[in-house]
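Good morning, colleagues. Please bring up the sequence and the structure so that we may go through them together.

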Amino acid sequence: MDVTKAGVDSGNIWRMPNKDMDDLYADMQKKDLLEDEEFPGMFISCTTLKDPSSYDGKHHTIEAITYIDYDAFESFKGENIERSKAYLQFKEQIIAKFFVTLEKVIPGISNHVTQKELGTPLTNKYYINSTRGSVYGTEKSLKHIGPFAYKSKSEIENLYMCGASIVSHGVAGASYSGVQTAATILGCRQDDLIKPSDEQHLKVFEAEDDTNYPDWMTKKIDMKHSKLKAKKV
């Protein structure tokens, strides 16, 4: 599907009603996830438009995220690796609810899906042991930050940690934790690692404008497209 014809580009979409944010937060914390037809708020992004070199010429990848209460999965917490049929059916109902909103943003998308996957708070809890299935790692209350936070250097010799659970949540927190951990390993100040250097150059390319793509990127794109054509043959 050509999602660009539906108005989607490389940017992010935050879709939410124009209402009091406290009321919106309360709506998103409902324990019954199937009570309403669609989620009151959703983040939508097309990763293959953000990075054209990841696009094979046919299949786009859409990322859709919403905010829910961990307790909505209370009845499934005791399950181990083998999930129950009830849990799997519940996930399919949630996916269907996602597509109610996705259809309003990208009309017709439901008829062009080749694969769909849903991660729940229980997914996060199982794979990364985050607090109550949070996507941002461990809890960040007052007793989990500053001198009480997880340290870059672990109790195990030569094992260091970084990520959203160390310094702070989000992209910025996870990114800077890498600087902090690197400084700990190298035995230097964090500021020493983020000084400008003439030897380092950052190039940013417009996702929608391929006229300035370097040769290595165009070759990578051509290679991915040629693989798809070869499969068709």
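This is a predicted model: local features need pLDDT of at least 70, side-chain atom pairs count only at pLDDT 80 or more; totals for chains, interfaces and linings use all residues.

Let us begin with helix α3, which spans residues 85-105 and contains K91. Is K91 buried or exposed, and which side chain of opposite charge is nearest? K91 is buried, yet it forms no salt bridge. The nearest side chain of opposite charge belongs to E117, and it lies 5.8 Å away. A salt bridge would require the charged atoms to be within 4 Å. As for its contacts, K91 touches L118 and T120, once residues up to four places away in sequence are set aside.

A second residue of α3 deserves attention, namely T101. T101 has a relative accessibility of 1%, and therefore counts as buried, the limit being under 20%. Which residues does T101 contact, beyond its neighbours within four places in sequence? They are R15, E38, F39 and M42.

I turn now to helix α4, which comprises residues 121-128. Its buried residues are P121, L122 and N124. Because these residues cover an arc of only 160° around the axis, they sit on the same side of α4. What covers the buried residues of α4? The cover includes α3, the helix with which we began.

Finally, I draw your attention to the residue just after α4. There, N129 adopts a positive phi of about 55°.

Thank you for your attention.

Definitions and conventions
Residues are numbered from 1 along each chain as its sequence is written. Side-chain values use heavy atoms; hydrogens and water are left out. Helices (H or I, at least four residues) and strands (E, at least two) are DSSP runs, numbered from the N terminus. Buried means under 20% relative accessible area, exposed over 50%, partly exposed in between (1.4 Å probe, protein chains only). Lys and Arg count as positive and Asp and Glu as negative; His and the chain ends are not counted. Contact means heavy atoms within 4.5 Å. The arc is that of the directions from the helix axis to the C-beta atoms.
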